[in-house]
Amino acid sequence: MGTISRYLRVGRLPFSSVTSIHDLTALELAAAVRNRELSPVEITEHYLDRIDRLGASVGAYVTVTAEMALDQARQLEKQDPAKRPLFGVPIPIKDLNLVKDVPIYFGSATYEGFVAPVSDSVVDRLRDAGTIMLGKTSTPEFGLPCYTETAISEPARTPWDVTRSAGGSSGGAAAAVAAGLAPAAQGSDGAGSIRIPASVCGLYGIKPSRGRISFAPIVPDLAGLSTNGPITRDVADAAALLDVMAHNNPGDLYYAPPPALGSFTAYAGRDPGRLRIARYIDPVVADAEVHPEVRAAYESASAVLAGLGHEIVDIASPFGPDMVPEFERMWFSFACMHPVAEELESQLRPLTAWLRERGFLTPAPDFLKAQSALQLATRFALLITDEYDAVLTPTVTQPPAPVGWFEDVDDPKETFERMKAFAPFAATSNVSGQPAVNLPLYWTPEGLPIGVMLSGRYGEEGLLISLSSQVEASVGGFWGDRRPQIWD
């Protein structure tokens, strides 16, 4: 705080409402570096200090790479920031993504001592854009649960109430951004893993279109359920991060068309025009109950969108409950993707072991039938949703869950059922490959964030960004005057 206060006193920093470095957005930090109002080293030291003091309270990081981060910052101070949009901005990497020469756990004690031999191509893209890696953010075992509680690090907690979960599987990433331990973060999303944490941490998150961001060189695309994406406090930062992260590599199975305006940043702040927005609130998972506060968030968001002049149309859920067991069959199989030595299997968490047991019992023809059934369901669903510019739903069905709630039962099957009931909306966009975002528009009377989700046509992240920034401007910024207690 002393450094930035000094800049404020001499009038060098053009952000009059700022009292500390972590109040700046990612783009504001990059601008301050370009204008020589802040240095990469000063920014990095500020965040490393906050992580050291506050990180354990929200369980954001599993590995802090302090020396690497400072070395990157020092190297950047010798370089030209021109044409590097996030030059000097710290961006942590989720611990499902490989960073060369850095330990990676995949959220599991079974990977203790494993060091990544290469970096994921999205990590290289972020580094080439001038970002600084503060460390690896915590994730649940193999990214499978929608909450982040592991045997290797503290549970990831929402900074708005540290007795409650930050969600998963990008729980550490969201906790870091919401607690001011990073200005923005890279996450990934295979069944809502960006949007769920964004909802319970009061953040903006984008799950891009299938094929938008390569998983090269190691991770296979397979069914295309999962993708990398940004988690931020505001829309402009997310658009800028998506511009950096978007790329393809030879051998990718999927490809998304480039943005019509040439960049996603070009859509931030752009008038989306009058849109037709469908909405539905009935979960695809039978017996999943939508909490009254989630209904209130959904209705409030609908009123905001209608107040901006958009046409809101009620529709039935385009996906039926018959898709759920097919998705489960694929999820069981994907739980087996990470090799685990037989002598280490006893270290797996009960839910992971239960999922893998079912996955190994799934014959290949049954997996292929499940994928075929989901593709057929998607083809019919898109006939409905493509008639609209966007579709509004809740992101999750409940306010943030207490830490430990998903596992306070002895039966991992019941834990899985609780996961399904908590997050039945988000996975439909992973099945269809559509882009989707979490809008942090609503807080309960107790101060807990509840997001809503907008999904769009395949390849049209730009329109979602325009609409999101319009909504953001209309409500005075998603956080307004709110800050979690840990912020200051």
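Reader: What volume does the second largest cavity have?
Author: This is a predicted model, with residues numbered from 1 along each chain as its sequence is written; local features need pLDDT of at least 70 and side-chain atom pairs count only at pLDDT 80 or more, while totals for chains, interfaces and linings use all residues. Side-chain values use heavy atoms, with hydrogens and water left out. A cavity here is a set of points on a 1 Å grid over the protein atoms alone where a 1.4 Å probe fits but cannot get out; points are joined across faces, edges and corners, and a volume is the space filled by probe spheres set on them. For the second largest cavity, that volume is about 110 Å³.

Reader: Which residues lie nearest the centre of the second largest cavity?
Author: Lining residues are those with an atom within 4 Å of a point. The second largest cavity has 14 of them, and the ones nearest its centre are G211, I213, D221, S226 and Y254.

Reader: How many charged residues are in the lining of the second largest cavity?
Author: Ala, Val, Leu, Ile, Met, Phe, Trp, Tyr, Cys and Pro count as nonpolar, Asp, Glu, Lys and Arg as charged, and the others, Gly among them, as polar. Sorted that way, this lining has three nonpolar residues and seven polar ones, and the charged count is four.

Reader: And the largest cavity: which element gives the largest share of its lining?
Author: The count comes to four cavities of 30 Å³ or more, and the largest has a volume of about 320 Å³. Its lining has 22 residues, with A191, F327, K420, A423 and A427 closest to the centre. Helices (H or I, at least four residues) and strands (E, at least two) are DSSP runs numbered from the N terminus, and those giving two or more residues are α10 (323-334), α13 (412-422) and α14 (427-432). The largest share, five residues, comes from α10.

Reader: How many residues in the lining of the largest cavity are nonpolar?
Author: Take the other classes off the table: two are charged and four are polar. The nonpolar count is 16.

Reader: What about the largest pocket: which residues lie nearest its centre?
Author: A pocket is an open set of points with protein on both sides within 12 Å along at least five of seven lines. The largest pocket has a volume of about 750 Å³, and its lining divides into 20 nonpolar, ten polar and four charged residues. β4 and α10 each supply at least two lining residues. Of the 34 residues in the lining, those nearest the centre are F142, V219, S226, M337 and H338.

Reader: Which strands are the edges of the eight-strand sheet?
Author: Two strands pair if DSSP finds at least two bridges between them. The sheet is open, has mixed pairing and runs in the order β4-β6-β5-β10-β11-β9-β7-β8. The strands that pair on one side only are β4 (184-189) and β8 (311-314).

Reader: In β6, which residue is the bridge partner of G205?
Author: Strand β5 (residues 204-207) runs antiparallel to β6 (residues 227-232), with two bridges joining them. The partner of G205 is I231.

Reader: At what angle does helix α8 run to β6?
Author: Axes are lines fitted to C-alpha atoms, for helices over the stretch in contact (heavy atoms within 4.5 Å). Angles run from 0 to 180 degrees between N-to-C directions. Helix α8 (residues 235-245) lies across β4, β5 and β6, and its angle to β6 is about 150°.

Reader: In the three-strand sheet, which residue of β3 does I93 stand opposite?
Author: This open sheet has the order β1-β3-β2 with mixed pairing, and its edge strands are β1 (61-64) and β2. β2 and β3 pair in the parallel sense over two bridges. I93 stands opposite K136.

Reader: Where is the cis peptide bond that ends at P217?
Author: Most peptide bonds are trans. The one from A216 to P217 is cis, with omega near 5°; another cis bond joins G168 and S169, where omega is about 10°. P217 lies in the loop between β5 and β6.

Reader: What is phi of F106?
Author: Most residues other than glycine have a negative phi. F106 sits in the loop between β2 (93-94) and α5 (121-128). Its phi is positive, near 55°.
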